[in-house]
Amino acid sequence: MKIAIIPARGGSKRIPRKNIKDFHGKPIIAYSIEAALISGCFDEVCVSTDDNEIAEVALRYGATIPFIRPADLADDYASTQDVMSHALNWYKQNNRVITHVCCIYATAPFITPEALQNGLEALNSADLDYAFSATSYSFPIQRAIKVTAQGTVEMFQPEHLSTRSQDLEEAYHDAGQFYWGTAPAFINRKPFFSSRAKAILLPRKYVQDIDTHEDWELAEVLFKALK
């Protein structure tokens with residue numbers, strides 16, 4: 001089986017009830033569920049949650065809730081790898097053989113079925129552990145600055161003070177949408193960022209982290225502009 005697992009705990013702090021908060025007319029988790037279903041990549045789209053209301057919303061949009069996540073995996077210290085390992089071990093204990101799995105974040109309204117399809121294709125085309133969404137930095141990271149304790153600034157890489165931007169190597173970062181992987185890679189907690197992973201590059205306009213209220217507002221404005 002190929003499955004999607006969408007982690008969605010109920011106790012988000014910075015944006016209360018974030019995973020089911022209304023985003024342009026529907027709960028934000030609905031975008032992740034719908035993209036996964038439309039992609040045709042999955043035998044099952046599972047939401048891993050500790051929260052009954054989130055479970056009800058997920059079911060309404062077509063996901064499955066095969067289990068309720070334990071409370072000790074729904075606090076501020078539980079990692080994505082912890083949640084994925086728990087889910088995959090549940091499937092194994094219930095005699096469900098999983099070969100490929102995709103972790104999809106619940107707050108990813110810009111995710112597309114095509115990106116998920118591209119991730120699966122990349123994972124199948126080479127000997128990889130993971131294929132995940134990424135995008136480029138809008139500014140050369142080699143010319144980043146830091147603020148000192150005295151309030152002055154220093155460059156992280158002063159050797160590039162006078163280097164032209166076009167001469168610097170382009171850098172990328174995790175887009176925070178999805179992580180395709182083999183089941184053994186997730187179960188064995190192999191690192192996402194290594195020579196055994198491939199980045200599925202997305203245009204920057206389709207990438208927005210949603211961790212704070214300001215992030216949420218920016219995402220709403222960007223979503224409206226794109227639509």
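Which residue lies over the face of F156, and at what distance from the ring centre? The last legend below has the reply.

These legends describe a predicted model, in which local features need pLDDT of at least 70, side-chain atom pairs count only at pLDDT 80 or more, and totals for chains, interfaces and linings use all residues. Residues are numbered from 1 along each chain as its sequence is written, and side-chain values use heavy atoms, with hydrogens and water left out.

**View A. The largest pocket holds about 690 Å³ of space.** Among its 25 lining residues, R9, K18, N19, Y105 and D211 come closest to the centre. The lining splits into nine nonpolar, seven polar and nine charged residues. A pocket here is an open set of points on a 1 Å grid over the protein atoms alone, where a 1.4 Å probe fits, with protein on both sides within 12 Å along at least five of seven lines; lining residues have an atom within 4 Å of a point. The volume is the space filled by probe spheres set on the points, which are joined across faces, edges and corners. For the classes, Ala, Val, Leu, Ile, Met, Phe, Trp, Tyr, Cys and Pro count as nonpolar, Asp, Glu, Lys and Arg as charged, and the others, Gly among them, as polar.

**View B. The second largest pocket has about 240 Å³ of space.** Its lining has 14 residues, with P109, F110, I111, F223 and K227 closest to the centre. By class, 10 are nonpolar, one is polar and three are charged. Helix 1 (29-39) and helix 6 (213-226) each supply at least two lining residues, and the largest share, four residues, is from helix 1. Helices (H or I, at least four residues) and strands (E, at least two) are DSSP runs, numbered from the N terminus.

**View C. F42 and W180 form a stacked aromatic pair.** Their centres are 5.0 Å apart, with 10° between the planes. Rings of Phe, Tyr and Trp (its six-membered ring) pair if their centres lie within 6.5 Å; planes under 30 degrees apart count as stacked, over 60 as edge-to-face and the rest as tilted. F42 sits in the loop between helix 1 and strand 4 (44-48), W180 in strand 9, 138 residues apart. W180 is buried, at 0% relative accessible area (buried means under 20%, with a 1.4 Å probe and protein chains only).

**View D. K146 lies over the face of F156, 5.3 Å from the ring centre.** Likewise, K26 lies over the face of Y31, at 4.6 Å. A charge sits over a ring if NZ of Lys or CZ of Arg is within 6 Å of the ring centre and within 35 degrees of the ring normal.

Conventions: Buried < 20%, exposed > 50% of the residue type's maximum accessible area, 1.4 Å probe, protein only.
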